[in-house]
Amino acid sequence: MAGSNEVNLNESRRVVPLNTWVLISNFKLAYNLQRRPDGTFNRDLSEFLDRKVPANINPVDGVFSFDHVDGGTGLLNRVYQPSSQNEAQWGIVDLEKPLSTTEIVPVIVFFHGGSFTHSSANSAIYDTFCRRVVSFCKAVVVSVNYRRSPEHRYPCAYDDGWAALKWVKSRTWLQSGKDSKVYVYLAGDSSGGNIAHHVAVRAAEADVEVLGNILLHPMFGGQRRTESEKRLDGKYFVTLLDRDWYWRAYLPEGEDRDHPACNPFGPRGKSLKGLKFPKSLLVVAGLDLIQDWQLAYVEGLRRSGQEVKLLFLEKATIGFYFLPNNDHFYCLMEEIKNFVTSNC
Amino acid sequence: MVPYDSATSAGSSSGSSSSSSYKPPQQQQQDIDRLLAGAGYKVRSSELRQVAQRLERLEIAMVNSPADFFHLASDAIHRNPSDLASWVDSLLSECTQPPTCPSEFIMDPVTNQAVVNNAWTTTEPHTPQVHQNISFEQQSLNHQLTVVTAMEEDSGIRLVHMLMMCAECVQRGDLPLATSLIDDMQRLLMRVNTVCGIGKVAGHFIDALSCRIFQGFGGGPVNGGSAYENEILYHHFYEACPYLKFAHFTANQAILEAFDGHDCVHVVDFNLMHGLQWPALIQALALRPGGPPLLRLTGIGPPSPDGRDSLREIGLRLAELARSVNVRFTFRGVAASRLEDVKPWMLQVNPKEAVAVNSIMQLHRLLGADPTRNSPIQTVLSWIRSLNPKIMTVVEQEANHNQPGFLDRFTEALYYYSTMFDSLEACTVQPEKALAEIYIQREIANVVSCEGSARVERHEPLAKWRTRLNGAGFRPLHLGSNAFKQASMLLTLFSAEGYLVEENEGCLTLGWHSRPLISASAWHAVPDAAAEIPAWDGSSTIISRAES
């Protein structure tokens, strides 16, 4: 459990709306119950408590979704698309035609968060989030149901991410534009952001084009304790102890947090200099205790000569994007929209 | 920008989330927080704060008691996680210590009677004599009931004590302790009958305190609800207990007398609502010896949204009634969000007519002093005087809820509203009673959790109003023994034992047992010269010009 007996409840209450506070505190509580001190995880309880929703081929507020299984890997992907202007097309999924032959429609491969351990592509919070992204950006979103820890450690999530990327790039029905290609972006929040980075590296090394990376308070870390970790430990829903638990559950047994999966620009990391790495949009929440690692990541990208835009939301806590009841949410949606439509 | 706010197929709820707890049954679905619904959780907006507190409570419990934590993690049964309030409650109940009550039973093996331990008996000799031929279930039920009563009294006293402590913490700014007291009180409340008595009113005060403490959440307008809702609640408050009926009756009587001999009369009502006061006056004027005057009614009320003109609708209905009793009648509505926004020219008072200004629980709303503006109460009283009214009828809550010190205000309100709730027990008609309670609850919330311009329920006692009105150039009109007798009679016709009309230096008050809760008084304006002279008013001391 939390290392200190001091429960810092006052701060988080004052910075988020009430329903957000209830939502995230509920997750915190539920997750506490699921993690066992010996490093094992109560997956049954987790699946029971997770609110899930089915896909819906019929448009709801202009977005429809369907689940598709990758024959090769057995991986489930949930696809979200803007509904057609033509009502006659509603309820029908066409897996033959491209998204458009004239316009460019960005396809965002999204890796949900959950510290590698929690949530699924069909979790209500992520289903709703993906729908909102589609709505705002007029993009297609493919949410990947990657395998989770501790049952499946590194590098499973990255393997699944890479497989999903290849799958997406090879779908003719996800192509768009005059030159019929899939305009793909990678995105993710928390652990999903971490996955997006590593998949992008693999893609760059294999010369597979990814147009951009969107990392929403991505989960990075390292062995030493940074200033932000010490200052914000336990104050805004997240504790260092739980961060440690999740890394122990994801990284290979016996590894420490300077493993390059966790600390890509750390002592065991590698430079991305000269690599054709996509441009990045990094969103950092000012009340996230691991922000120093995220800022170090930005630094690492810049030192490698890679293009990165930092969106620092000073008063945001983790999970600010789950409910559209604050400015940060709308700011984020604008930024993502601009990011995926700028160079198309 | 597209605010995406509907849930997926899992369940979409429409309607706005609001902090109001009044919803006709079919609208309760719409009280569900739709954003949380999109995340897969069904929580009513009105319950959000409570759920938040319980989550905190659970967190504290888990940190402090690893045993509880492990139990919750491994053995607890989790029911319907979507219903967040229940899920949290069920975890909390698995966490907390069981109440000590049941273990206080002992069975007397000889007589086979359940005997209640002395610690729990009330002051009366209590253990009911249970005959042996009554079944065991019946016996234990009787004793459970009696033990509950004992617990309740004990819990009731504890609740009051904790409420005072909490208010004192709030005044001192010790929010952590106040929050912890709120949690304790809510748990205690779970063991107390909240259907009546101290449990009911305590619950409202706990809510109001917690709203005040958690203000960082932007708790929403406590005075909340639309004008339409407010009117409905007011109407039910009118039906459920005699306070408003008394107010209307007394004021009408005084107005009728003041209008004697005048052919053109004009009533200015500071808060029309559904115009409940006026049919009786119209009918009384119709029956006036010598025939009815030409009656003008100017009703002031909040603007109606969505294109309705509710003021006009009320006016039309009153006109219809007047027509049916042959009283020449015209109505004019003045829509204003605040009384201080009304300018006298809007009332179009004719110098030849006799004017009556009628204020039912409106003047106190003007007492919120904004140091940068002219005091609204002075402004309004001054233009009332400029209308040269024949009479101004003033009804106000007889309470001291405008003291600067929070604890004083809180204490006063606790006693005042406890008394009022007690008096409401006499009413058994539903839904009048339930809605009347919500009406009162909103007042409580405003007195306790609001500040500055948001706090409009700034009740002051009759003595203070006398000073204020005297200082503003008004003199009291004695309400007369007739009014008193008739008010008493009205009460016996309409209400239960316990209500009491009293006379207080020419004013009337209505209260519950020995506590006056509402006062009615009548005034007229004196010419300017006289206003400069401090008034000697019977038994009161010499007063100087009032500072608002």
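Modeller: The model is predicted: local features need pLDDT of at least 70, side-chain atom pairs count only at pLDDT 80 or more, and totals for chains, interfaces and linings use all residues. Residues are numbered from 1 along each chain as its sequence is written, chains are lettered from A and ligands numbered from 1 in the order in which they are written, and side-chain values use heavy atoms, without hydrogens and water.

Biologist: Why is the contact of A:Lys28 with B:Glu59 called a salt bridge?

Modeller: The criterion is a side-chain nitrogen of Lys or Arg within 4 Å of a carboxyl oxygen of Asp or Glu. The closest N and O atoms of A:Lys28 and B:Glu59 are 3.0 Å apart, so the pair qualifies. This pair crosses between chains, from helix H2 (residues 18–34) of chain A to helix H2 (residues 48–64) of chain B; helices are DSSP runs of H or I with at least four residues, numbered from the N terminus.

Biologist: Why does B:Glu59 count as buried?

Modeller: Buried means under 20% relative accessible area, exposed over 50%, and partly exposed in between (1.4 Å probe, protein chains only). B:Glu59 has 19% relative accessibility and therefore counts as buried. A:Lys28, at 17%, is buried as well.

Biologist: What makes A:Lys181 partly exposed?

Modeller: The relative accessible area of A:Lys181 is 26%, and therefore this residue is partly exposed. A:Lys181 forms a salt bridge with A:Glu209, with the closest N and O atoms 2.9 Å apart. At 30% relative accessibility, A:Glu209 also counts as partly exposed.

Conventions: Helices (H or I, at least four residues) and strands (E, at least two) are DSSP runs, numbered from the N terminus.
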